[in-house]
Amino acid sequence: MTIGVKICGLTEERGLDACLEYGADWIGLNFFAKSPRHVTPARAGELARRIECTPSICVGLFVEPTDAEVAAVLDTVPLDVLQLYTSPERAALLARMSGKEVWLSCPVSIRADLPVHCAVQRLVIESRAPKEAGRPGGNGLTLPWDVTQGWNAPGPWILAGGLTPENVALAIRMSDAPAVDVASGVESEPGIKDPAAVKHFIEQAHSAGNV
Ligand SMILES: O=C(O)c1ccccc1N[C@@H]1O[C@H](COP(=O)(O)O)[C@@H](O)[C@H]1O
């Protein structure tokens with residue numbers, strides 16, 4: 001099985017070009033103002049246009065966005081997918097409003113947190129952020145990877161939270177994840193991706209899918 005890879009929170013061309021060169025399936029642009037990976041719509045537009053002529057897919061990440069915020073970004077940035085931190089009901093509304101593929105973040109600590117319904121195109125199964133974190137993702141925190149073993153996933157899903165080049169292969173083996181998502185684990189500093197770490201992460205994820 002080929003494991004899908006998303007690298008999230010690109011802010012600069014060097015990191016983005018590494019993602020494109022080493023074959024990331026999805027590239028995430030972060031529109032949450034409190035994130036160190038936040039990009040303005042104008043900057044995101046520049047980065048997205050570099051992605052447009054490649055096989056990679058451009059994902060926009062939003063935390064509890066208003067309709068107007070999503071619409072304003074879509075006016076400037078050619079996003080393929082919206083990754084949302086919101087309720088399933090609001091995600092379905094934004095999918096209808098935007099006409100875009102939508103992914104929904106699902107914070108998970110224990111097996112009972114795993115979703116049994118899926119009204120969007122993909123579920124992002126990720127560690128639940130502590131209240132003091134200040135943001136619901138991008139904190140480098142892992143979830144117990146075996147929590148998804150035997151789970152009857154109601155739709156396509158992707159594993160996120162605290163993944164690194166060193167642990168991603170084990171995480172895939174323990175969780176049976178078909179795809180993985182990383183932000184902080186491939187950075188030299190918050191918001192700046194390390195091209196060598198991006199390469200190593202993608203190689204490790206792909207090799208775990210080949211066994
Ligand atoms: O990256 C952020 O700063 C961020 C902010 C708000 C919501 C989500 C965010 N990132 C997403 O969180 C997960 C895991 O990140 P990490 O690998 O643990 O750093 C991932 O889906 C990012 O897309």
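Visitor: Against which elements do the buried residues of α1 pack?

Guide: In this predicted model, the buried residues of α1 pack against the strands β1 (4–8), β2 (26–30) and β10 (192–193), and against the helices α2 (41–52) and α6 (195–209).

Visitor: Which residues of helix α1 are buried, and why do they lie on the same side?

Guide: An α-helix has 3.6 residues a turn, so residues three or four places apart point the same way. Within α1 (residues 13–21), the buried residues are Gly15, Leu16, Ala18 and Cys19. These residues lie on the same side of α1 because they cover an arc of only 160° around the axis.

Visitor: Which exposed residues does the face turned away from the buried side carry, and which glycine follows α1?

Guide: That face carries the exposed residues Glu13 and Arg14. Glycine 23 follows α1, and its phi is positive, near 85°.

Visitor: How many residues has the largest nonpolar core?

Guide: In soluble globular proteins, nonpolar side chains tend to be buried together. Here the largest nonpolar core has 61 residues, and Ile7, Ile27, Leu29, Leu84 and Val180 have the most contacts inside it. The element that gives the most to this core is α6, with five residues. Beyond its neighbours within four places in sequence, leucine 84 is in contact with Phe62, Ala91, Leu94, Val102, Trp103, Leu104 and Ser105.

Visitor: Which residues are closest to the ligand?

Guide: Of the 27 residues that surround the ligand, the closest are Cys8, Ser35, Gly137, Gly138 and Ser184. Two or more residues of this shell come from each of β2, β3 (57–63), β6 (122–127) and β8 (179–182).

Notes. Residues are numbered from 1 along each chain as its sequence is written. This is a predicted model: local features need pLDDT of at least 70, side-chain atom pairs count only at pLDDT 80 or more; totals for chains, interfaces and linings use all residues. A residue is buried if 20 or more other C-beta atoms lie within 10 Å of its own, exposed if 12 or fewer, and partly exposed in between; C-beta atoms are placed from the backbone. Helices (H or I, at least four residues) and strands (E, at least two) are DSSP runs, numbered from the N terminus. The arc is that of the directions from the helix axis to the C-beta atoms. Two residues are in contact if their C-beta atoms, placed from the backbone, lie within 7 Å. A nonpolar core is a set of buried Ala, Val, Leu, Ile, Met, Phe, Trp, Tyr and Cys residues joined through C-beta atoms within 7 Å. A residue is near a molecule or strand if its C-beta atom, placed from the backbone, lies within 6 Å of it.
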